[in-house]
There are 2 protein chains.
Amino acid sequence: MTRVLGDADAFVPDALRGFARAHEDEISLVDGGVVRANPLEPGKVAVLIGGGSGHYPAFAGYVGSGLAAGAVCGNIFTSPSTAQALRVAHAADAGGGILFTYGRYAGDVIHFGEAERRLRDEGIDARTVLITDDVASAPVEAADERRGIAGIVCVFHIAGAAAERGDPLDEVERLAARANSRTRSHGVAFAGCTLPGADHALFEVPAGQMSIGLGIHGEPGVRDVPLQPAAELAVTLAAPLLEERPHDGRRAAVIVNGLGSVKYEELFVLFGYVVDHLEAQGVEVVEPLCGEFVTSLDMAGVSLTLLWLDDELEELWRAPASAPALRKGRVSAEAPTVRPTAPRGSAAAEPAPAGAAPAPPATPASRRAAEIARRMLVGARDAIAAEADRLGELDAIAGDGDHGIGMTRGLTAAVEAAESADAAIGVRELLQRAGDAWSETAGGTSGALWGAALAEVGLSLGSPEDFTAADVATAVAAAHARVAALGGAEPGDKTMLDAMAPFDETLTERVHAGSGIADALAAAATAARAGAEATSAMSPRRGRARPLAERSIGHPDPGAVSFSIIAAALAGWVADFKGSE
Amino acid sequence: MTRVLGDADAFVPDALRGFARAHEDEISLVDGGVVRANPLEPGKVAVLIGGGSGHYPAFAGYVGSGLAAGAVCGNIFTSPSTAQALRVAHAADAGGGILFTYGRYAGDVIHFGEAERRLRDEGIDARTVLITDDVASAPVEAADERRGIAGIVCVFHIAGAAAERGDPLDEVERLAARANSRTRSHGVAFAGCTLPGADHALFEVPAGQMSIGLGIHGEPGVRDVPLQPAAELAVTLAAPLLEERPHDGRRAAVIVNGLGSVKYEELFVLFGYVVDHLEAQGVEVVEPLCGEFVTSLDMAGVSLTLLWLDDELEELWRAPASAPALRKGRVSAEAPTVRPTAPRGSAAAEPAPAGAAPAPPATPASRRAAEIARRMLVGARDAIAAEADRLGELDAIAGDGDHGIGMTRGLTAAVEAAESADAAIGVRELLQRAGDAWSETAGGTSGALWGAALAEVGLSLGSPEDFTAADVATAVAAAHARVAALGGAEPGDKTMLDAMAPFDETLTERVHAGSGIADALAAAATAARAGAEATSAMSPRRGRARPLAERSIGHPDPGAVSFSIIAAALAGWVADFKGSE
């Protein structure tokens, strides 16, 4: 559990600040993450990594020569926002293009993907290599749907070493993708981690058991088996990796990784047996790593990673690296490099924050709608806050258990943005600011989707002289379309769409049939609730580790439930409001 | 708790083997520890560190350039033996002399001290600098009685960097002592660690509390207080260090150290507040370290260390270092150094193991006494094994809880050595071999004392034509004197001497008064038991952290209890034996 903290909500910025103070010669803090203290040579590729926090040394510890140019650091187990990724990219960019590389998680894919798109719009060449090393998360025939665990370190170093020697972006991208295609990991968990401020672990493994196929976001493994002696555990961990051994797989970089509470001596015991087993299988072990490389707070677990080397990958794997958490190669007596005199990055080459732009004049109707939207956001926040624990529990069944926390955080930020906005602001600007605040603060997939949905509703409503029920229905349909496009999910995939789609359809149908907005919303909220309940029977089809999918059958999707809670709150609020008019 | 292990008894050798495999380019395994893979340049001082295992990166992780030449690695939380220290010293020696430096713990002081003495006898200049950084373990007026915790890393690097640049032994010793005199640490514990193979933690801290003044061997802190927010914790940790700030204390090397389960992000949060506080107090922070440097298995705790720098210490603190667990300075692209083709150390420059020497002929009486000693050792082993849990619990009150395990391990090895010896062997050789095996296997203070006691009994009995009760009493008196000299304790210090002294006195008195050996032993065992019970009222005066001493009042000393258990077993066995004759 987490015992050393100040304000639990400030845990990640507090930790990043301390990290930067501890590594001032190597690292500079920027808004959204960290970059190297010494800029890249002009023309070099900037390799950018990142994801949620709680995984140190991943990600900030891998910023340095032969590794990443910068790391985008989200909240605990939560994707950073698009805006964060853009700020770090601008601070790190040296003119040679940007390679984003990170473990494949839905929230990260959305936010980094959007950042990549925006960089390209700005004329900066940006690419992405998703890391998919966890064999337990999907079968080999769906290897590109796997999630990333400790094997990310292999890809980070291969890409970083290629960038360091001056390879162009095409080549850095090719080598990173090649490294990913030859990296496999497999882990076991003994006990779950506890989120900062929480008082119990995200999951428990029964005494004397271990859970095979761990995730690094507090997800349990996919099946429990009895604890094994170290020699047997080494074979268990290696088995699926050896099963996917490439035909030319004779040499391998090996990582034995501890998740947090399995300590060094235990890792070394395991490592000895792993090497015995690999050598017996004819695998030559090249420059192995044994320690804590990708953690999950204080989770008790261990994973084994193999990167199957060929000549070009071996040269890069053996290349030097120097970052706070990983050094390869010899240390010279050279004096430390000079620190730049001014903090870098956050001031330059960035769009002004949305909240600072002067609001365009709004119509009286738009201002009135903005005031209604403000109050609705408060109602939504209170409704979600009241159910946050249940949402967290639902999410913990097959996910990381932070859905309730993330929704509450996002809605709180949205309410603050709405309440701090000028009273003269219209509904369009108000919802855009609230959406941006939600996305930025909550992070994660649901933060990105809700942020985009709010902004889309605002955009659709615009600033006319009057609003009709049909305008509301059109705005909801636009938000629905935006969420579907951004999230890449379809109805039946067990996501918030399964509540949002019936909500949209019922609302549109009722409004077109001549219902008043209060009645139409009430019917739509009922449909959303039925849609959320129906997700109990579904198995998630995308974005989650497949074996985990089975666990969630019989339980509704937390995102769909959140949607139905908010829909009910809004419908109730509108009914009261209309009643009081 | 420890979940990844093979045979719990082989945990430490298994871990060392894996460690060496993971760091083949840097480290070579020798019998008893590790040395650098690349020998020191001839004439350089070999800085040797060491102690019990369970503290990784201490000690093996600090073997490398700018740090130690070798590490002597004992069992979990147990001092290595004199023989181990000698073997590592011989493997590391480059002709410039040896500096032993380690945290001040009774067992380490005995074993390393004996190794130092023997090296000098061999003509190798050897010195010792004890590290005493833990302010919680004794008041400032008894600063040289303090124990060593994470501040050992400061002394290791200062001494190692001085040796690396070629300073002679006098100078390396002076600088190490100066670094120790200016290093202070202070820690807090949140939860105890669990020994490999054990199923519960060595101590518990009540929920919502923390224990101030932690030890690194599973000792709890000296007082419990409510948990504090990170900013307040930073002030709590720093307060006693700032209280002992030297008049020229303006710059400091700072270490924020996690004991095992307090993870990186938490450590960084704390570090940020520590730096804020130190800077507010006018302290300039120089090349700080924040991470896990001296652990205690999976213990949850954190400590703060300050090394007050002056110009000569700052130059050394900033010097490069390159070891598996600590690198300072820049990494160059230079190729890794060539590994020596043959394993080093264990074969060269060593005395042959005691067990291999041919036994001198023994008298029939001596052979018969040897057979009796064999059976007595079996009886002692069984008696201790039956009480091992209770002895562990007693030891956990103010110590590391491994007394029962250590005694059982030592007696088991003594029995094995006795049983595998030639049947023609006499009692002198048999007890010397059994004593050596006990000391080597059990490690720790009690292992050293019991091993010496057995050898002394054998030496005193010799190989005469006949034995009398007076011979036995004389042998016991000799062992008593040896234990008193080696351990440096006096009656009333709450050690095994408090049982051994009345045992010896009563035995001598009764034998001189004409009692038979069985009656005399029975009376002596009763006196030993009374002596052990009397230790309940005592407070330990030496070799333990002072504030911990208070905890043990009301409980007997585990070493004294062990002695009384063995005394009773021997007396009972002799009574049965005499009865059956």
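Predicted model: local features only at pLDDT ≥ 70, side-chain atom pairs only at ≥ 80, totals over all residues.
Between chain B and chain A, the count of salt bridges is 6. One of the salt bridges joins Asp276(A) to Arg17(B), with the closest N and O atoms 3.1 Å apart. Polar contacts also cross the boundary: 26 residue pairs, both members at pLDDT 80 or more, are found in polar contact between chain B and chain A.

On the side of chain B that touches chain A, several elements give two or more residues each. The helices of chain B in this group are H1 (11-22), H6 (230-243) and H7 (264-280). The strands are S7 (183-191), S11 (284-291), S13 (321-323), S14 (326-328) and S15 (330-332). H7(B) gives the most to this side, with 12 residues. By residue type, the side of chain B that touches chain A divides into 31 nonpolar, 15 polar and 15 charged residues.

The extent of the interface can be stated in residues and in area. Contact involves 61 residues of chain B and 61 residues of chain A. The area buried between the two chains is about 5,400 Å², and carbon and sulfur atoms give 59% of that area.

Ser439(B) lies in helix H12, which spans residues 427-442 of chain B. Ser439(B) counts as buried because its relative accessibility is 15%, and the cut-off for buried is under 20%. Apart from neighbours within four places in sequence, Ser439(B) is in contact with Ser81(B) and His111(B), and also with Gly447(B), Ala448(B) and Gly451(B).

Key
Residues numbered from 1 in each chain as written. Chains lettered and ligands numbered in written order. Heavy atoms only, no water. Contact = heavy atoms within 4.5 Å. Buried area = accessible area lost by both parts, 1.4 Å probe. Salt bridge = Lys/Arg side-chain N within 4 Å of Asp/Glu carboxyl O. Polar contact = N/O pair within 3.5 Å; in protein donor to acceptor, adjacent residues only side chain to side chain. Helix = DSSP H or I, 4+ residues; strand = E, 2+ residues; numbered from the N terminus. Nonpolar A, V, L, I, M, F, W, Y, C, P; charged D, E, K, R; others polar. Buried < 20%, exposed > 50% of the residue type's maximum accessible area, 1.4 Å probe, protein only.
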